[in-house]
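Biologist: I have a chain open on my screen and want to talk it through. Can you take my questions as they come?

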Amino acid sequence: MGVIVNNKLLHHNLFNASRPVLAMLLVQLFATGMQLLSKLILNQGTFIFALMAYRHVVAALCVAPFAFFFDRRSHANKFSWQVLFWLFLSAFTGITAAMGMYYYGLRDTTATYATNFLNLIPVVTFVISSVLGMEKVSVRRRAGKVKIVGAILCVGGALITVFYKGKGFHIGHHAIAGHRDVAAPAVIFNEIEADAEAHWGRGTLLLLGSCFCYAAWFVVQVKLLKLFPSKYLATMLTCVIACIQSTALGLCLDRNKAAWTLGWDLQLLTILYSGALATAATFCLMTWAISIQGPTFPPMFNPVTLILVAISEGIILGEEIRVGNIVGTAVMVAGLYCFLWGKTKEMKKSSHLPRAAAGAVEAATATSEPAPLQSAAVVPSGSPTTNTVSVDVLEEAGSGCSTRNP
């Protein structure tokens, strides 16, 4: 009888321990689907600002019930013009600018290549927060040294991905358009290759710009969540404001009715998918997993998305996989894990502060989760606002050793 009870307890404990893992695997699956669907509709000529406007309408509607039930009485009375300004800035940096540039970069490159750049966001955010005095770099401690090594590896992996291509191979079928027709003139083929190279360079610059915008968005979130700690309500309002911004900019660029018309096609599926799964569902799963395992847990699963996107893109879209991509990705993943390990050690050390000091820190950061930089885990999967709950990480990460407000 005792053995049966012990087995039941063991199975129960294993099930409880596996739930956060399953939640993060679902998040990575949502992110993979989002990348592939986005790449498909962008290849079909979807107008990017229309896509962003519609998807954040869906996202706002999906998050609205959570805001109504959890935040309607908590901090609604704190809403002011100052909060509105920071919401506007959050929507612009994290969605309109960051996501806009990411989509344009994704259109000019591949899903695998674009996903690689998202791993640079924690490092860029770390650099910005260090420059602003929100986080202190301790080069004398082992954790600080490992963080710096991780940041260097991430940047080195990105450079390898950009400048070294190497040999290419295909997993399944591949696009015939990517290969030279023996009957085609050499001049035409060279012009096509030159045009593709130009688009690739432009896409790389846009992806880098997207990384910096996302990093800036994290810094903005610190200030926003201090003024307005209602995470669900802030997420919903950010989506609404981002929709207005995307619509206004989109109308300035293209007022053609066809660019804004929706049909029963892949574009509509992508919009619904991104709003319901890549935003609302991801937000809830991330929030729950962070509350159980801590903020460094989600980024550990980022390589899953990289692998799934690379394999799926090779099989479904017939994209060529380059050796340079594989090598650069491996270096970036190693750097990411080094960075997260160092960050985790620093957080554990800060958690062992004297009780009085810990109480002061907790009072100073009443709305923050004990988290570092996990943007890469969430940003690619959908709306950047899905990471609202974890961004105050920057604040608490530096709360024990430096000023936190930007």
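This is a predicted model: local features need pLDDT of at least 70, side-chain atom pairs count only at pLDDT 80 or more; totals for chains, interfaces and linings use all residues.

Biologist: What is the mean pLDDT of the chain?

Modeller: The mean is 75, and 73% of the residues reach 70 or more. pLDDT is the predictor's confidence in each residue, from 0 to 100.

Biologist: Where is confidence highest and where lowest?

Modeller: Helix α3 (residues 81–108) is highest at a mean of 93, and helix α14 (residues 375–378) is lowest at 32. Over residues 175–184 the pLDDT is below 50, and that stretch has seven contacts beyond near neighbours in sequence. A contact means heavy atoms within 4.5 Å. Residues 353–406 also stay under 50, with 163 contacts beyond four places in sequence.

Biologist: How many helices and strands?

Modeller: The chain has 16 helices and two strands. These are DSSP runs numbered from the N terminus: helices are H or I with at least four residues, strands are E with at least two.

Biologist: And how much of the chain is buried?

Modeller: Buried residues are 50% of the 406. Buried means under 20% relative accessible area, exposed over 50%, and partly exposed in between, with a 1.4 Å probe and protein chains only.

Biologist: Switching to aromatics. How many pairs?

Modeller: There are 12 aromatic pairs. Rings of Phe, Tyr and Trp (its six-membered ring) pair if their centres lie within 6.5 Å; planes under 30 degrees apart are stacked, over 60 edge-to-face, and the rest tilted.

Biologist: Why does the pair of Phe-47 and Phe-49 count as tilted?

Modeller: Their planes stand at 55°, so the pair is tilted, and the ring centres are 6.2 Å apart. Phe-47 is buried at 13% relative accessible area, and Phe-49 is buried at 9%. Phe-49 also makes a tilted pair with Tyr-104, at 6.3 Å between centres and 55° between planes. Phe-49 is in helix α2 (residues 48–71) and Tyr-104 in helix α3, so this pair ties together parts 55 residues apart in sequence.

Biologist: Which residues make up the cluster of ring pairs?

Modeller: Phe-47, Phe-49, Tyr-54, Tyr-104 and Trp-260.

Biologist: OK, charges now. How many salt bridges?

Modeller: Three. A salt bridge is a side-chain nitrogen of Lys or Arg within 4 Å of a carboxyl oxygen of Asp or Glu.

Biologist: Which residues form a network of them?

Modeller: Arg-107, Asp-108 and Arg-202. The closest N and O atoms of Arg-107 and Asp-108 are 3.7 Å apart, while Asp-108 and Arg-202 meet at 2.8 Å. Asp-108 lies in helix α3 and Arg-202 in helix α7 (residues 186–227), so that pair ties together parts 94 residues apart in sequence.

Biologist: Last one. Which helix gives the most to the nonpolar patch?

Modeller: Helix α11 (residues 302–317), with four residues. The patch covers about 620 Å², and Phe-169 and Ile-307 are among its residues. Patches are made of residues with over 30% relative accessible area and no salt bridge, with like charges joined within 9 Å and nonpolar side chains (Val, Leu, Ile, Met, Phe, Trp, Tyr) within 5 Å.

How values were computed
Residues are numbered from 1 along each chain as its sequence is written. Side-chain values use heavy atoms; hydrogens and water are left out. Accessible areas come from the Shrake-Rupley method with a 1.4 Å probe; for residues, only the protein chains shown count as cover.
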